[in-house]
Amino acid sequence: MWLTWRAATERALYGEKGFYLRERPSGHFRTSVSASAVFAEAVLRLLSEVDAELGHPAGLDLVDIGAGEGALVTQVLAAAGPALRDRLRVTAVDVSPRPPGLPDRVRWSRSLPAQITGLAVANEWLDNVPLDVVEQTPDGPRLVMVDVRTGEERADGPLRRADLAWLERWWPLPCVGARAEIGRHRDEAWASVVARLTRGRAVAVDYAHPVDNRPLRGTLTGYRDGAVVPPVPDGSCDITAHVALDACAEAGRRAGAISTTLSTQREALRALGVTGARPPLELARTDPSGYLRALARASEEAELIDPAGLGGFGWLSQRR
Ligand SMILES: C[S@@+](CC[C@H](N)C(=O)[O-])C[C@H]1O[C@@H](n2cnc3c(N)ncnc32)[C@H](O)[C@@H]1O
């Protein structure tokens, strides 16, 4: 069966027996959340900043979008002090079923809350929002169709006017053979998050590329059991593509964001106190086990801010 990439990915990941309805993400790839609890501590610091900005409201939302196994909200709840924890309304949004063992305090939902006063976080959610792929041919740009069983492609589908407009603005195709991934539906998905913020911040963290440095052939990739595999949309693997976060930022502005910061995870986490600094050697003499614990933590921090790895992820933060 031949489908557009967007339809094929929707079916492969979220259709009946789709990859994300069947599988647990941590079995297939590592995210900042699964890499270290330090990430959740940083999110807690961010949440505390937002709480202060909002004047410590009686009810403060923490919404994790694309929550996977719910690890981020579980860790934030466990680390929060009672004064904050008692006021938190915690929602984990995911299309997959509620994972067993999640704290009762966590509301599990397939859809976003109608209103959010507080912090919405989406770590590696947008890269899993299905998109269409287009290829420049001698006859102009054509939508790429894919055989869902084999992953074979042909570039002969017609393009919608809205997609052409998105390409011209966000991902111009420089030559025959160049490919682009049309992020229009990701922009809409992100705008729907920002639109639900009554007051607070929305933060998206993902593999990203800017408009002046898009990859010539796109970034569509498959993951299975921790390994990169060809992106065949047959439901056997995760299918992901890096995110045009700059386009999402513009959609967020149109949805009402009053300020926007687009940075890297390295910059964002360092501002939240994650430095990767090693403990002083002196500690090894006075408190050897404390030294080892601090050393292990420093190496987890270093992984989260490594510019060649997780630290190179984009952080889009918007405020209302
Ligand atoms: C790569 S996983 C990230 C999991 C987690 N945030 C982490 O960092 O470990 C992406 C998650 O987004 C979820 N997801 C994708 N599209 C969604 C949608 N439209 N609504 C809710 N969840 C969605 C998937 O089911 C999957 O669990």
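**Nonpolar cores, ligand site and cysteines**

In this predicted model, the largest nonpolar core comprises 40 residues. Leu47, Leu119, Leu269 and Trp315 make the most contacts inside this core. Helix H4, spanning residues 37–53, supplies the largest share, with nine residues. A second core is separate and holds 26 residues. Among its members are Leu112, Trp125, Val194 and Leu316. In soluble globular proteins, nonpolar side chains tend to be buried together.

The ligand is surrounded by 15 residues. Tyr14, Thr31, Gly66, Asp94 and Asn123 are the closest. A polar side-chain atom of Asp94 lies 2.6 Å from a ligand oxygen atom. For Asn123, an N or O atom of the side chain is 2.7 Å from an oxygen atom of the ligand. Trp125, a residue of the second core, places a polar side-chain atom 3.4 Å from a ligand nitrogen atom. Taken alone, the ligand exposes 600 Å². The protein buries 88% of that area.

Cysteines were examined next. A disulfide is a covalent bond between the sulfur atoms of two cysteines. With a cut-off of 2.5 Å between cysteine sulfur atoms, the count of disulfides is zero. Cys175 has a relative accessible area of 35% and is therefore partly exposed, since that class lies between the 20% and 50% limits. Cys248 has a relative accessible area of 1%. This value is under 20%, so Cys248 is buried.

Methods. Residues numbered from 1 in each chain as written. Predicted model: local features only at pLDDT ≥ 70, side-chain atom pairs only at ≥ 80, totals over all residues. Heavy atoms only, no water. Buried < 20%, exposed > 50% of the residue type's maximum accessible area, 1.4 Å probe, protein only. Core = buried A, V, L, I, M, F, W, Y, C linked by side-chain atoms within 4.5 Å. Helix = DSSP H or I, 4+ residues; strand = E, 2+ residues; numbered from the N terminus. Near = heavy atom within 4 Å. Polar contact = N/O pair within 3.5 Å; in protein donor to acceptor, adjacent residues only side chain to side chain. Areas by Shrake-Rupley, 256 points an atom, 1.4 Å probe, with all protein chains shown as cover.
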